[in-house]
Structure formats: C-alpha cells, structure tokens
Amino acid sequence: MAKYLVFSIDDGTVYDKETIVLFTRLGIRGTFNLNSGLSDYVWYLGDTPIRRLDHEKDPSLYEDMEVASHSLTHPDLAYCYDEEVIRQVKEDKENLERFFRRKIEGFATPFSSCGEREVGLIKSIQGISYIRLSEIDESFDFPLDPYHFKVTALDIDRALELLPRFMERQEDGLFLYAGHSYDFALAKEGYFKLETFIRAAKSCPEIEILALGEASSRIFKRED
Ligand SMILES: [Zn+2]
C-alpha cells in the first residue's frame, strides 16, 4: 500500500525558517513554492508584516527541501494572456534553477484560479513535470495525472480532523497539505498543532512523508 503525506508550502516568506527547523528536527522533507520576482516584498496581514525572503542572496535555507515554482510575481493566472502565463512560470523556473543550482520540476498555482487553459500552458513548458492546484479534494485519491494535484487541507485544524480517516484508509492515498508558514506562525499554537500532526502521521508505518516531486514520481512511476 502506498500512502503519502506531502507538505506544499507557498510564498517563501521569513516564516519558512521556523517550518524548516521543525521539518528538519522531525526528519521530513517538504516542498516550498517560491516566487523569484518578489525578493524582500512585504505585505501586511492585519498589522503583521509578511516578508518574502531574497532567495538569490541566501538559497541555503531550502537546501534539504524541494523547491518548486509559484510563478515569478504571483499574479492571478486566469487574468494573464497565454504568453504571460508561460513567462510567469518559465522565467521563475529559470531563476530558481540559477539560485538553487538544481532542476525545478514542479509548479504550485498562485491564488485559487487555475483552469484547463492555464494547466495546458504550464504543462507545455519543458521540464515542468507536475502542477499543484488550489482546489480542495478531501478524498485522498491520487489525481488522474501529475498536472492536477488537489489539496486535501489548507489549514492545520482541518488537517488534524482528517488525519484519522487517512490513517485508517486501507488503500493507496495522498494527503496533500498546502498553506503558508505564516499560517502556523500566526495561529494560536499553530506550530504545536503542526508537530502533533506530523508525529501522529509518522506513528502510522504505512504513511511516508515526501516532497511533492517524489510523491508524484512514485504515483506516476517516473524515473528520476
Ligand atoms: Zn501564494
């Protein structure tokens, strides 16, 4: 039986540091979806500044994690012309490959709208082998192809509620958690809940915690 748990964390903010410390301490690898065109960009969630990191200046944080593209500047792709959708992913992929000196093969869509036009354009880009959408699907079923990974849970409370059902499942499955590190940092006991969730999943011998690229390779039997 193949049961995979994946963490897909967006935006590359300063809060990733704490998440990666936790992942490293627990011996797991997650996927971090970064925007190469927004270095040091700050926006405010209420009164809290959310700063993105400068990945070119310091790529070391993500050394043991998978890095994937999250577009160059985080636009809503549904409102971009075809050429712009391609540019947003292709340039981001090329920048990230230069910063991190490795192949970037995944893409996670910014915001929630990624229709079949966008999927078709993105999968046509050389070297992109999987796409994570923002749509929720709590079934744990594998997607039909690697360009339609859906999200099982977008917040840690819901993830904790769903985990027992995933642990008891008697067939192959995928639990794909997607979100931002600041979701854990700003929520009450967010990191405590995340650690509880990971420890509970690790207590189940059938569950493997993998980066999304690795899970995709296993599910779709690709050779890396
Ligand atoms: Zn994002």
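## A walk through the predicted fold

Among contacts in the chain between residues at least 6 apart in sequence, 69% join residues at least 24 apart. Two residues are in contact if their C-beta atoms, placed from the backbone, lie within 7 Å. This is a predicted model: local features need pLDDT of at least 70, side-chain atom pairs count only at pLDDT 80 or more, and totals for chains, interfaces and linings use all residues. Residues are numbered from 1 along each chain as its sequence is written.

Seven helices and 10 strands make up the secondary structure of the chain. Helices (H or I, at least four residues) and strands (E, at least two) are DSSP runs, numbered from the N terminus. The C-alpha trace spans about 45 × 40 × 30 Å along its principal axes. A compact globule of 224 residues would have a radius of gyration near 17 Å; the chain has 16 Å, which agrees. That radius is taken over C-alpha atoms, and the globule rule is 2.2 Å times the number of residues to the power 0.38.

Of the 224 residues, 42% are buried. A residue is buried if 20 or more other C-beta atoms lie within 10 Å of its own, exposed if 12 or fewer, and partly exposed in between. The largest nonpolar core has 51 residues, of which Val-6, Val-67, Leu-176 and Tyr-177 touch the most other members. Such a core is a set of buried Ala, Val, Leu, Ile, Met, Phe, Trp, Tyr and Cys residues joined through C-beta atoms within 7 Å. Beyond four places in sequence, the contacts of Tyr-177 include Val-6, Phe-7, Thr-152 and Ala-159.

Strand 9 (residues 173–179) holds Gly-173. Gly-173 counts as buried because it has 20 C-beta neighbours inside 10 Å. Not counting residues up to four places away, Gly-173 touches Lys-3, Phe-140, Asp-141 and Phe-166. Ile-207 is 34 residues from Gly-173 in sequence, and their C-alpha atoms are 9.2 Å apart.

Now turn to helix 6 (residues 190–202). At 1.5 Å a residue, its 13 residues should span 18 Å; the end C-alpha atoms are 18 Å apart, which agrees. The expected span is 1.5 Å times one less than the number of residues. Gly-190, Leu-194, Phe-197, Ile-198 and Ala-201 of helix 6 are buried. Seen down the axis, these buried residues fall within an arc of 95°, so they line one face of helix 6. The arc is that of the directions from the helix axis to the C-beta atoms. Phe-192 and Arg-199 are exposed on the other side of helix 6. The buried residues pack against several elements, including strand 1 (3–10), helix 4 (156–168) and strand 10 (207–210).
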